[in-house]
Amino acid sequence: MVPKVRMSAQTRKLPGKQRSSPPAKIVLSLYIAGDTPKSRTALSNLKKICAEHLDGRYRIKVIDLLKNPKLARDHQILALPTLVRQLPQPIRKIIGDLSNTERVLVGLDIESTK
Amino acid sequence: MPRKKMPTRNRRRDANRGAKPMRLLPKAATGIQGLDEITGGGLPKGRTTLICGSAGCGKTMFAMEFLVRGAQQYDEPGVFVSFEESADDLAQNVASMGFDLKTLSRRKKLLVDHVRVVRSEIEETGSFDLEGLFIRLGLAIDSIGAKRVVLDTLEALFGGFSNAAILRAEIRRLFEWLKLRGVTAVVTGERGDGALTRHGLEEYVSDCVILLDHRVESQLTARRLRIVKYRGSIHGTDEYPFLIGANGLSVVPITSIRLDHRASSEVVSSGVPTLNKALGAGGFYRASTALISGGAGTGKSSIAGHFVAEAGGRRERSLYVALEESQSEIVRNMKSIGIELAPLLATGMLRFHVSRPTAQGLEMHLAAIHELVIEYRPQVVVIDSITSLLSMGSIAEVTSMIVRLVDFFKMNGITAVMTALIPSGEGTEMTGVNISSLVDTWLTLQNIEIKGVRSRALSVIKARGMWHSNQFHELVMSKNGVELKSDAWSRKYA
């Protein structure tokens with residue numbers, strides 16, 4: 001899917017520019033259930049990781065399932081906390097309090113800007 | 001602690017119902033044929049039951065029937081959380097049992113929630129819990145006011161997450177949470193090697209554990225069910241055969257049957273007036289069992305045919321279990337001696353259950369007959385013949401099956417006639433299957449050669465509770481049916 005898009009005539013002409021252009025913005029949703037110690041740990045871990053590795057090209061949305069329980073079903077959320085990378089596609093999910101930075105980066109498929 | 005609320009609430013509920021001498025464990029009837037009998041009323045209400053077994057043993061069917069019957073018969077809406085199959089697949093799979101999930105869903109009696117757990121999509125990065133599942137389940141329960149919940153199957157959860165310690169703690173919490181919510185839950189689990197479950201956890205946190213088994217013996221499959229544990233309740237402990245048929249599951253109880261059926265003094269005609277005369281009371285007692293044994297071509301089925309036709313004349317329903325001939329063969333053969341079965345078939349007063357003995361295992365035969373009797377409610381049953389079942393198993397197994405059948409018929413007030421083929425020259429007393437002590441009436445037929453003429457002879461070996469003839473009666477078959485020529489014969493040859 002993705003390679004096909006990249007093979008369009010326009011991008012084929014400018015392969016170097018494609019690579020050097022700023023990476024797309026990363027949209028992250030953190031699902032939690034209320035203000036629990038685990039939620040807080042996850043959020044502070046996430047902020048730290050993003051600040052250290054993503055260089056401002058990210059957006060974090062916190063979704064509290066206690067306030068909007070329907071989303072547990074709609075977004076297929078089982079474990080909490082769950083972090084979902086909404087953009088770029090495809091969607092990626094990681095669970096836990098995000099204390100293992102390396103696995104978070106692997107899970108989100110993000111190359112560190114450092 | 002919120003958990004303390006539960007017993008109080010239950011006590012109050014019981015008090016409202018009143019008239020109970022002791023506070024018994026409240027139960028939620030499953031509506032599954034035969035299961036409520038062996039569990040003494042159903043699964044523990046407001047608690048969790050584990051259904052375990054290997055793949056293909058019927059766990060999902062069991063769980064689904066529990067919900068569907070709950071919604072249809074007991075006005076208890078249910079939530080089905082499926083970790084494996086999608087709602088559409090499930091609906092399709094259980095349609096074969098006559099369950100219409102779509103309609104039930106539309107009427108808010110049932111909610112199927114497909115929870116996808118895909119290991120490859122889940123990266124674990126530290127401590128987590130399953131609160132999302134709880135929230136989702138809680139919402140589903142609240143949305144239809146569910147009283148019953150099914151989780152099918154926990155294995156998917158174990159497969160989806162790698163941190164076993166967290167998962168075990170969460171599953172324990174899930175069971176407690178379900179109890180707090182006061183729902184009657186059924187959780188399915190995969191059977192482990194030499195243990196009830198693979199993870200050895202679910203059976204301890206469940207209040208009731210039912211094991212389903214699906215095994216192959218002499219190339220025939222048999223399904224069996226066993227209640228492994230049931231906290232706070234007595235229950236049957238045997239392995240019970242069960243069947244998954246067009247009406248869902250049906251379990252055949254073995255030990256719930258006791259020797260306390262009421263004896264009837266009503267007599268029903270055998271359909272052969274001269275035979276009635278030989279049986280002093282004028283026929284068989286209602287709800288008794290008669291055995292007609294004899295060699296090939298001695299007229300066993302013909303007497304059974306008369307019996308069925310007579311029952312039809314009384315406007316009673318008959319079930320003819322044919323294990324040797326097809327329906328059309330029997331109808332044609334009976335017609336040749338003046339017994340018309342076709343009109344009875346047309347009016348629904350007679351139904352055939354034709355099955356090759358080798359078509360299914362012994363217990364499946366038993367279960368199939370059981371299910372038919374419960375559905376069709378016949379007053380009269382004919383089994384033609386029980387000896388053909390001998391190819392199915394050992395004599396002990398066949399005997400045990402027939403014992404259960406006979407008891408079952410008696411419990412249901414059914415007058416039964418069974419035929420048994422006894423190869424000539426094996427003596428009159430030998431039935432092959434040792435059930436002669438079980439039956440109330442025993443007629444034997446044999447071919448006797450006298451001066452180059454083969455005659456059929458009938459004798460009444462026993463007829464409990466009535467005077468009966470001690471003569472050998474000559475049995476004559478004509479286009480008008482079977483007739484006994486009693487006195488003439490004894491005078492002729494005695």
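## Pairing across the two chains

Strand β4 of chain A pairs with strand β6 (residues 122-124) of chain B in the parallel sense, over 3 bridges. Strands are DSSP runs of E of at least two residues, helices are runs of H or I of at least four residues, and both are numbered from the N terminus; two strands pair if DSSP finds at least two bridges between them. Within this pairing, I95(A) has E124(B) in β6(B) as its bridge partner.

The model is predicted: local features need pLDDT of at least 70 and side-chain atom pairs count only at pLDDT 80 or more, whereas totals for chains, interfaces and linings use all residues. Residues are numbered from 1 along each chain as its sequence is written, and chains are lettered from A and ligands numbered from 1 in the order in which they are written.

## The interface

Chain A contributes 27 residues to the contact and chain B contributes 20 residues, two residues being in contact if their C-beta atoms, placed from the backbone, lie within 7 Å. On the chain A side, α5 (70-74), β4 (92-95) and α6 (101-108) each supply at least two residues. Helix α6(A) gives the most, with 4 residues.

By class, the side of chain A that touches chain B has 15 nonpolar, 6 polar and 6 charged residues. Here Ala, Val, Leu, Ile, Met, Phe, Trp, Tyr, Cys and Pro count as nonpolar, Asp, Glu, Lys and Arg as charged, and the others, Gly among them, as polar.

## Chain A

Chain A has 6 helices and 4 strands, arranged along the sequence as α-α-α-β-α-β-α-β-β-α. Of its 114 residues, 31% are buried, that is, with 20 or more other C-beta atoms within 10 Å of their own, C-beta atoms being placed from the backbone. Among contacts in chain A with a separation of 6 or more, 66% are between residues 24 or more positions apart.

## The sheet of chain B

In chain B, 9 strands form an open sheet with mixed pairing, in the order β17-β16-β18-β19-β15-β20-β21-β22-β23. Strands β17 (350-354) and β23 (481-485) of chain B each have a single partner strand, so one side of each is left without a neighbour in the sheet. The twist averages 25° from one strand to the next, with angles taken from 0 to 180 degrees between N-to-C directions of axes fitted to C-alpha atoms, for helices over the stretch in contact.

Strand β22 (residues 473-478) of chain B pairs with β23(B) in the antiparallel sense over 5 bridges; M477(B) stands opposite V482(B) in β23(B). Helix α14 (residues 362-376) of chain B packs on the sheet, touching β16 (318-322), β17 and β18 (380-384) of chain B, and its direction makes about 160° with that of β16(B). L362(B) lies in helix α14 of chain B and is buried, with 23 other C-beta atoms within 10 Å.

Notes. A residue is buried if 20 or more other C-beta atoms lie within 10 Å of its own, exposed if 12 or fewer, and partly exposed in between; C-beta atoms are placed from the backbone.
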